[in-house]
Amino acid sequence: MNGYRPGPVALLCALVVAVFLLMPLLAVVPVSFTPSRMLSMPTGGLSLRHYRTLIDDPRWLDSILLSLRVGVVSSTLATLLALAFSLGIWMFRPRFAAALVGFVLLPMIVPPVVSAITLYFLLTWLSGVGGFAGYDTWPGVVLAHVVVTVPFAVVLILVSLSQVDRRIDLAARGLGASTWERATKVIVPNIKFGILTAWLLSFVLSWEEIGVTLFITSVNAITLPRLIWMGLRDNIDPAIAAISVILILITVTVLTARIVHRRARGRE
Amino acid sequence: MFVRTFRICGLVTLASVAGAYAIAYVWVRGTPGQRLAAEYCILVPFWISVLTRAFGWVALLSNQGLINTWLRATGMLSEPLPMVRNEFGVIVGMTHFLIPFAVFPIASAMRALDERVLLAARGLGAGRTRIFWSVFVPMTMPGVIGAALIVFVFALGFFITPAILGGGRSVMVAELVYLRIFQSPDWGLGAAISITLVVIVGALSAALFRYLRPSQMAG
């Protein structure tokens, strides 16, 4: 195996790409410590004032809490919907299964702007008829995020279902298990890892979602990405650099944990 | 407008696929240490929000950004080099966003490649460079084409990065929809552009599926 390692030219090219990929992430770090109110390189001393802003300014805290709430609720709903859909497809194999899956995956392929407009019209209409989840409300954002994230959850759950041995289900059926028992006691325990992954991915997608959120919120339901967007558009606020550094650190930590975990499992 | 969007998307696709190929090659075939480094370089940006990444480019490229500050401090330039609020910034930002998406199909094509083909090529007397260009690259082409289609489709409907790095000057089609709906209420035009986008993206996705099916069957 692996008789051919990349040569020096290939390594050099990859290095250029790697630097290109990491550069903007690293650039954020010094900016977040600038003592100035403007976006700039720190000249003279370093300062933590922009990290303080994140704690002191209620807007940041509020938007973080809102994003967490929207993320948890919408990813739970999206995972439940995706689970119900995938179980139905897998257990009953309806005649138009391929068409149904294609239909459910549509929001993944449609450009985000188009989903955004559709949801914008839907939510303004819902507010018009006095719905619970309307334009610029947090349940509205949840609704929109569920629509956007369900396809991704469906893909992950379908993939993990495809690895389940159908004979387990047949055995359960032969032993007289009802449909509900087959689903909850036999199939779901076998795909619990896939379900967890689907939930996590939905959460991350919702936590970062900006394209659709931008269309369906204005002043009340300001999620974290929305607040960052506003800060980027007006005058660039170095507090964005501070929150970015924190988000990057979380990402790197989670990734490292995953890689370490995978190594540990691989060694067993 | 559509011409400019297509030009930007085309350039972005070329740059992303080329960059993705280089890093995927190391990710798949490098030493364990190189693989780990490549994995970080691919996955960290992939999981980080598009806003953070666009912001990073603003911090680097803007007139008060790191590159311009450094260039002026070393006396290489007297005037800041305009690198954001133009097409250059948009292309850089979008390429950065899309490289990880291009890496996955390319890497899976590289993993699927049968090692023995390379050994056979060597047995027949081909040198390293020759093996790479006449065997490795053609055999991973399906992954490259798949990646190019995915990147192009994503790039077409994309408006966050262009909006931040383009500063409203080099407007892309998707961003125009946003402006038409919110800044100058012209819902008809916004909707018409959306439909056009859906049709183009639909056609490209259909091409993608048609292209992927036979190759999966063969594999």
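Tutor: Begin with one side chain and what it meets. The model is predicted, and in it the side chain of A:His145 makes a polar contact with the side chain of A:Ser206, at 2.9 Å.

Student: In which helix does A:His145 lie?

Tutor: A:His145 belongs to helix α6 of chain A, which covers residues 138-162.

Student: Is A:His145 buried or exposed?

Tutor: The relative accessibility of A:His145 is 1%, so this residue counts as buried, the cut-off being under 20%.

Student: Which residues are in contact with A:His145, leaving aside neighbours within four places in sequence?

Tutor: With those neighbours set aside, the contacts of A:His145 are A:Val70, A:Ser74, A:Ser206, A:Glu209 and A:Thr213.

Student: Let us take another residue of helix α6, A:Val154. What is its relative accessible area?

Tutor: A:Val154 has a relative accessible area of 0% and is buried. Not counting residues up to four places away in sequence, A:Val154 touches A:Ala82, A:Phe85, A:Ser86, A:Val104 and A:Leu105.

Student: How far apart are A:Val154 and A:Tyr135 in sequence and in space?

Tutor: They are 19 residues apart in sequence, and their C-alpha atoms are 26 Å apart.

Student: Now the whole chain. How many helices and strands has chain A?

Tutor: Chain A has twelve helices and zero strands. Its C-alpha trace spans about 75 × 65 × 30 Å along the principal axes. Of its 268 residues, 46% count as buried. Among contacts in chain A with a separation of 6 or more, 68% are between residues 24 or more positions apart.

Student: Next, charged pairs. What is the general idea?

Tutor: Side chains of opposite charge can pair when their charged atoms come close. Over all chains, this structure holds eight salt bridges.

Student: Where do A:Arg52 and A:Asp56 lie?

Tutor: Both are in helix α2 of chain A (residues 49-56), four residues apart, or about one turn of the helix. A:Asp56 is partly exposed, at a relative accessible area of 48%.

Student: Which residue does A:Arg167 meet in a salt bridge?

Tutor: The partner of A:Arg167 is A:Asp165, at 2.9 Å from N to O. A:Arg167 counts as exposed at 59% relative accessibility, while A:Asp165 is partly exposed at 32%.

Student: What about B:Asp114 and B:Arg116 in chain B?

Tutor: Their side chains form a salt bridge, 2.7 Å from N to O. B:Asp114 has a relative accessible area of 31% and is partly exposed. B:Arg116, at 60%, counts as exposed.

Student: How is the size of an interface given?

Tutor: It is often given as the accessible area lost when the parts come together. Between chain B and chain A the buried area is about 5800 Å², and carbon and sulfur atoms give 77% of that area. B:Trp47, B:Leu51 and B:Phe55 supply 13% of the area that chain B buries against chain A, more than any other three residues.

Student: How many residues of each chain are in contact across this interface?

Tutor: There are 63 residues of chain B in contact with 61 residues of chain A.

Student: And how many salt bridges cross the interface of chain B and chain A?

Tutor: The count is one salt bridge. A:Arg262 and B:Glu39 meet through their side chains, 3.3 Å from N to O. By class, the side of chain B that touches chain A has 40 nonpolar, 15 polar and eight charged residues. Four residue pairs are in polar contact between the two chains, with both residues at pLDDT 80 or more.

Student: Last, the cysteines. How many disulfides are there over all chains?

Tutor: The count is zero. A:Cys13 is in no disulfide, and the nearest cysteine sulfur, that of B:Cys41, is 14 Å away. The cut-off for a disulfide is 2.5 Å between the sulfur atoms.

Terms used
Residues are numbered from 1 along each chain as its sequence is written. Chains are lettered from A and ligands numbered from 1 in the order in which they are written. This is a predicted model: local features need pLDDT of at least 70, side-chain atom pairs count only at pLDDT 80 or more; totals for chains, interfaces and linings use all residues. Side-chain values use heavy atoms; hydrogens and water are left out. Contact means heavy atoms within 4.5 Å. Buried area is the accessible area (1.4 Å probe) that two parts lose on being put together, summed over both. A salt bridge is a side-chain nitrogen of Lys or Arg within 4 Å of a carboxyl oxygen of Asp or Glu. A polar contact is a pair of N or O atoms within 3.5 Å; within protein, one must be able to donate a hydrogen and the other to accept it, and residues adjacent in sequence count only if both atoms are side-chain atoms. Ala, Val, Leu, Ile, Met, Phe, Trp, Tyr, Cys and Pro count as nonpolar, Asp, Glu, Lys and Arg as charged, and the others, Gly among them, as polar. Helices (H or I, at least four residues) and strands (E, at least two) are DSSP runs, numbered from the N terminus. Buried means under 20% relative accessible area, exposed over 50%, partly exposed in between (1.4 Å probe, protein chains only).
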